[in-house]
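Hello,

Here is the structure for you to look through. My notes follow below it.

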Amino acid sequence: MLRKLLASQQTGLALIILALGAVLTFFAGTHDDRVTGVAVNNFLNSHTLIQTATDASFFAVMAVGATIVIISGGIDLSVGSIYALAGVTMAMVLRSSGRGGSAGSVLVGLVVCVGVGFLCGLLNGLLVVFLRVHPFIITLGTMWILRGIAFVSSKAESILVPEALTTAAKASLGLGASLYPVPMLTMLAVAAIGAVYLTQTVMGRHVFAFGGNPEASRFSGLRLDRIQISVYVISGLCAGLAAFMGASFYGSASCADATGYELYVIASAVVGGASLSGGKGSAISAMLGAVLIVLIRQSIRTLRFDQNYEWIIVGCAIIIAVVLDQGSAQLNARRLARAAGKQS
Amino acid sequence: MTAVGALRFAGVSKTFPGVRALHDVSFAVASGSVHALCGENGAGKSTLGKILAGIYAPDAGQVEVFGETVRFESPREALAKGIGMVHQELSFCENLSVAENLCLGGLPARGVFIDRGATRVRAKEMLEAIDAPIEVEARVGALPLGQRQMVQIAAAVGAGARVIVFDEPTSSLSQREAERLYLLIDRLRAKGVTSIYVSHRMDEIFRLCDAVTVLRDGRHVATQALAASSEAGLIQMMIGRAIETVDVAPHPASKAEEVLRVSGLSSPGKFSDVSFALRPGDVLGLAGLVGAGRSEIAQALFGLDPAAVGEVYVAGQRVDIRAPRQAMALGLGLVPEDRKRQGLVLDMSAQSNTTLPVLERLSRATFIRKGEERALTASFFDRLRVRTPGFGAKAAGLSGGNQQKLVLAKWLAARAKILILDEPTRGVDVGAKAEIHALIDQLARDGNAILLISSELPELLRLSSRILVVRGGRLAGEVARESATQDGLLRLMAGLAA
C-alpha cells in the first residue's frame with residue numbers, strides 16, 4: 001500500500017512541491033515582524049503560503065476542468081475567455097440590479113458566473129459534436145468570439161463588483177486579519193470533486209474510455225456525444241466558478257481578465273501528467289501542477305531573480321516536468337521488467 | 001545439413017517490461033529455405049523475427065547472417081545486411097502513393113524536387129521483380145491488405161534483401177490473397193531468397209515451409225525438417241502437452257422460436273438484401289472472403305451503420321436499431337473483428353474493460369459500486385479462464401487469447417443472448433482457441449443464439465449448425481452442416497461452379 005502510494009504520480013508531484021518549498025524556505029531569508037519584532041521566514045509564513053495558493057487557485061480550478069477535457073482526448077482553449085465573459089456578465093448584472101441584499105448579490109453573482117460558464121461549455125460541446133471539427137479549432141474560435149462578446153458588452157470598461165462579494169471571497173474564516181483562505185479551499189474542494197468524478201462515477205469512467213479508444217467505446221454502446229458535450233460543460237463550469245472567485249476577490253471584472261490563462265491551465269494539466277492523446281490524467285495532479293507552476297513563479301520573487309526571466313523559467317520548467325514524468329514512467333516499466341525477469 | 005547457413009542464432013535472450021520474451025534461443029536456418037517459426041502467442045516468435053529485422057536488439061546472445069556476426073540498431077541496418085521484414089501491422093505512409101512509399105528511403109530527386117518519372121520507373125521495376133502487378137500511382141491507403149503486403153515485399157526485395165521475415169502475413173488476408181502470397185514465397189525461394197515465416201497456422205506451415213523451429217515460453221523447443229514433422233507433434237511441442245482435440249459434437253439446427261429475423265437488410269455500397277433467421281441454440285456460420293461484407297452486416301445489426309435499411313425482428317418484434325445501446329438493450333452483443341481497435345480500451349484495466357458496457361447497472365446514483373464490479377469481473381474471469389496478473393492489469397499487456405476473452409466477457413456480462421462473434425479466434429493461440437471453441441459451443445447449448453463470422457473454414461465447420469456464404473455483399477447460399485465441405489464452401493465464396 002505504501003509502495004503504491006509512493007509510486008503514484010500525485011505523490012511525485014507533491015514531493016517536488018515540498019522540496020521546492022524547502023529550498024525556498026532555506027534561501028528566502030527573514031524579516032522582522034512589524035508588530036512583534038520576531039524574525040519571520042520570507043517564504044515559510046502563513047501570509048505568503050496562502051497568497052501562493054490563492055494565485056494558483058484561479059487557474060487550478062480551471063485546470064481540473066481542462067484535465068477532464070484532455071482525458072477525453074479533447075482540448076479547451078476558450079477557458080480564459082469564458083472566465084472573462086462570466087466575470088463581466090456578473091458585474092454588469094449586479095450593477096444594473098442595483099442594491100440587493102449582500103447574501104442575495106453573492107448568490108446572484110455565483111449563479112450568473114456558473115450559468116455563463118455552463119452555457120459557453122455547452123456551446124463548445126455542441127459545436128464539437130455536431131460540426132465534427134477538431135476541438136482545438138472550435139475552442140480556438142470560441143476563445144476569440146467569447147472574449148469579443150465580453151469586450152463589446154462591457155465596452156472595455158473595468159466594472160466594479162459589490163463589496164459583499166469581496167467580503168465573502170476574502171473572508172478570513174477565523175484565521176486572522178489579511179489571511180484569505182477561501183480561494184484555496186475552493187481549489188481543494190474542486191480538485192476533490194473532480195477526483196471523485198473521475199475515479200468513482202460511471203461518467204468519469206466513460207470519459208477515460210472515450211479518450212482511450214473512441215471506437216471501442218462506440219462498440220461498447222456508450223453515448224459518445226453526451227460524454228463529449230459533458231466534458232466541455234464541466235470545463236465551462238470550472239471557468240465560471242474561477243471567474244466568480246477572481247472577480248469577487250479582486251473587486252472588479254474586465255474583458256481583459258485571464259488573458260492567456262488557457263495556456264497556464266493546459267500547462268497545469270500536462271505538468272499533472274495528463275496525456276494530450278487522451279485516456280490519462282488526474283484531477284488532484286492537475287491542481288498540483290497549477291500549484292507547482294505558481295510556486296516556480298513565486299520562487300523567482302522570493303529568491304530575488306530578475307523578474308524579466310519569469311516566462312523563460314516557467315517555459316523550461318514545463319518541459320522539464322513533462323520529460324521527468326515520461327522518464328519516471330519508463331523507469332517504472334523497466335523495474336517491472338526486471339521483476340518479471342527474476343520470476344522466470 | 002550441407003546447405004550454407006543463412007542465419008544462426010546463439011543464446012539469444014530478450015526481456016520486455018513484465019515479460020521475458022526470449023531465453024537462450026539457439027538454432028540455424030539453411031540458405032534458400034522457407035523456415036517456419038511457430039509457437040503460441042507470447043512464445044516469442046514475433047520477437048525473434050523483430051530482432052532479426054533490427055526492430056529490437058537482443059539483451060544477450062549472437063545473431064549471424066551468412067557467417068557474419070551482426071548487431072542491428074535499426075531496421076535500416078538490417079536491410080543493409082540483406083534482411084527485410086513484412087510486418088503484421090503494415091507500416092506505410094497511407095497518404096502517399098505506392099511509388100512514393102517504395103522509394104521513400106531514397107526518393108529520386110532533381111535538386112530539391114522529387115523526380116516523379118524516375119520514382120515511378122523504379123517502383124515499377126521493384127514490383128515487376130516479384131511479379132506483382134500493382135498500379136504504382138495508387139494511394140497505399142486505398143489498396144486491399146494483400147496488395148499492401150506485396151508492396152512491402154517488393155520494397156524489401158528491391159532493397160536487396162536476401163532474407164525476408166514474414167510476421168503472420170496471412171492473419172488478415174483472404175483465402176485468395178493468401179494463395180497469391182504462397183506462390184510469391186515459392187518464387188522467392190526459387191530465386192534463392194531465404195524466408196522466415198512466423199505463423200501458428202498449421203495448414204500454411206505444411207504448405208510452404210522446408211523446416212520449422214518451435215518456441216515455447218521464449219525457449220527453443222525444436223528445429224526440424226518439416227518432412228519429419230506431424231501436425232499433432234508440432235502442436236504438442238507448441239503447447240507442451242498433448243491436447244484433447246475438442247471435437248464438438250454435431251449440433252442440431254434448433255427448432256425453437258426465432259429470436260432474430262433479418263429480412264432484406266441492405267447498406268449502399270456494402271451489402272444488399274441479406275435475410276436470415278436465428279433461433280436459440282443456433283450457431284449460424286457466416287463465411288465469405290475478406291471484403292465480402294461479413295463484418296459490415298454484423299455492424300449494421302449492432303446499430304453501427306446509419307445507412308442500413310431493412311427489416312429486423314427481435315423475438316418477433318420489429319425493431320429499428322440505430323445505436324449499439326439499443327442493440328444491447330435488445331440482448332445483442334458484438335465481439336468485433338479488430339479487438340485492439342474496436343473491442344478494448346487498451347490503456348484501461350482488464351476489469352474496466354469487462355464492465356464498460358454495464359457500468360450503469362453496477363452503479364447507484366452514478367457512483368460505481370466497486371465491490372460489485374469486482375465480483376462480476378471475478379465471476380466471468382473464472383468462467384472464461386481469463387488469466388491476468390491482476391484485475392487492474394492493463395488490457396494492452398495481456399496475450400491475444402486473454403484479450404479476446406475479455407471482449408467475450410464484456411458481452412456475457414451485458415447478458416447478451418444474441419451474440420455476433422466476428423473472427424473470435426483471430427490471432428489467438430492454440431490453447432485459448434480450443435477454450436473459446438468450447439465456450440461458443442456451451443453458449444449455444446445454454447440457449448443463446450450465435451452468429452459466427454470466421455475466415456477459418458475448419459472453425460466454421462466445427463462449430464456451426466448452418467453456414468451462410470456471403471459473396472460480394474449478397475448471400476450466395478446456405479449450407480447445412482452435414483453437407484458442408486471446405487471445398488464446397490470455398491467454391492461458393494469465390495463464385496466458382498460447384
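In S10(B), Ser195(B) is the bridge partner of Val34(B). This is a predicted model: local features need pLDDT of at least 70, side-chain atom pairs count only at pLDDT 80 or more, and totals for chains, interfaces and linings use all residues. Residues are numbered from 1 along each chain as its sequence is written, while chains are lettered from A and ligands numbered from 1 in the order in which they are written.

Strands (E, at least two residues) and helices (H or I, at least four) are DSSP runs, numbered from the N terminus. Strand S3 (residues 34-38) and strand S10 (residues 194-198) of chain B run parallel, joined by four bridges. Two strands pair if DSSP finds at least two bridges between them.

Helix H5 (residues 145-158) of chain B packs on the sheet and touches S6 and strand S9 (163-167) of chain B. The direction of H5 makes about 175° with that of S6(B). Helix H8 (residues 231-239) of chain B also packs on the sheet, touching S3, strand S11 (211-216) and S12 of chain B. The direction of H8 makes about 30° with that of S11(B). Axes are lines fitted to C-alpha atoms, for helices over the stretch in contact, and angles run from 0 to 180 degrees between N-to-C directions.

The sheet is open, with six strands in the order S6-S9-S10-S3-S11-S12 (chain B) and mixed pairing.

Now the chain contact. Chain B gives 28 residues and chain A gives 26 residues. Residues are in contact if their C-beta atoms, placed from the backbone, lie within 7 Å.

Best wishes

Key: Contact = placed C-beta atoms within 7 Å.
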